[in-house]
Amino acid sequence: QQPLDSFIYILSSIMKRSSTFGPALSALGMSLALALVVIIPVNAKELEFRGPSGYLYDECQGHCVYNWQCAGDLQCIKRDGKLTPVPGCSGLGKADVNYCANPDKPIVQPADTP
């Protein structure tokens, strides 16, 4: 959460000073706000480990091996490490666990990095 708080602080500072520095700075602030909406989906689900394959997994659940193990049109997203992001999902999940997700959703960058 800390990088997001820093970003919001910087954005609010830019917006407060826009009257001093003119419309270009205000436009920059609005561009950054739009980027925030694209990068961080509000309703991203937390990654959830549900055990070995044998279940029908919902969005952001795993450990899938094949696409048919995912509900609806979701796909089994193959991961090669704990910090490999899963589209539309938040959290770090478990290392080398594959999760069901919609590959067309944006990537949510993990906030906690070692």
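Trainee: Which cysteine forms a disulfide with C70, and how far apart are their sulfur atoms?
Mentor: In this predicted model, C70 forms a disulfide with C100, and their sulfur atoms are 2.0 Å apart. The torsion about the S-S bond of C70 and C100 is about -75°, so this disulfide is left-handed.

Trainee: And where do C70 and C100 lie?
Mentor: C70 lies in the loop between β3 and β4, while C100 belongs to strand β6, residues 99-101, so the pair ties together parts that are 30 residues apart in sequence. Both C70 and C100 are buried.

Trainee: How many disulfides does a search of the whole structure find?
Mentor: The search finds three. With bonded cysteines counted along the chain, the disulfides follow the pattern 1-5, 2-4, 3-6.

Trainee: Let's take C60 then; what is its partner?
Mentor: C60 is joined to C89 in a disulfide, with the sulfur atoms 2.0 Å apart. The torsion about the S-S bond of C60 and C89 is about -90°, so that disulfide is left-handed. C60 sits in the loop between β2 (48-49) and β3 (61-62), whereas C89 is in strand β5 (residues 89-90), so the pair ties together parts that are 29 residues apart in sequence.

Trainee: Are C60 and C89 buried or exposed?
Mentor: C60 has a relative accessibility of 0% and therefore counts as buried, and C89, at 2% relative accessibility, counts as buried too.

Trainee: What about C64, which cysteine does a disulfide join it to?
Mentor: A disulfide joins C64 to C76, with an S to S distance of 2.1 Å. The torsion about the S-S bond of C64 and C76 is about 95°, so this disulfide is right-handed. C64 is in the loop between β3 and β4 (75-77) and C76 is in strand β4, so the pair ties together parts that are 12 residues apart in sequence. C64 is buried, with a relative accessible area of 0%, and C76, at 8% relative accessibility, counts as buried as well.

Trainee: Switching topic, which residues make up the largest nonpolar core?
Mentor: That core has eight residues, namely L47, C60, I77, V86, C89, V97, Y99 and A101. Apart from it lies another core, of six residues, among them Y57, C64, C70 and C76.

Trainee: What does I77 touch, leaving out residues up to four places away in sequence?
Mentor: On that count, I77 touches C64, V86, P87, N98, Y99, A101 and P103. Of these, V86, Y99 and A101 belong with I77 to the largest nonpolar core.

Trainee: One more, R50: where is it found, and what is it in contact with?
Mentor: R50 is found in the loop between β2 and β3, and its relative accessible area of 32% makes it partly exposed. Leaving aside neighbours within four places in sequence, R50 is in contact with Y55, Y57, Q61, G62 and H63.

Trainee: And how far apart are R50 and C64 in space?
Mentor: From C-alpha to C-alpha, R50 and C64 are 9.3 Å apart in space, and they are 14 residues apart in sequence.

Note on methods
Residues are numbered from 1 along each chain as its sequence is written. This is a predicted model: local features need pLDDT of at least 70, side-chain atom pairs count only at pLDDT 80 or more; totals for chains, interfaces and linings use all residues. Side-chain values use heavy atoms; hydrogens and water are left out. A nonpolar core is a set of buried Ala, Val, Leu, Ile, Met, Phe, Trp, Tyr and Cys residues joined through side-chain atoms within 4.5 Å. Buried means under 20% relative accessible area, exposed over 50%, partly exposed in between (1.4 Å probe, protein chains only). Contact means heavy atoms within 4.5 Å. A disulfide is a pair of cysteine sulfur atoms within 2.5 Å. Helices (H or I, at least four residues) and strands (E, at least two) are DSSP runs, numbered from the N terminus.
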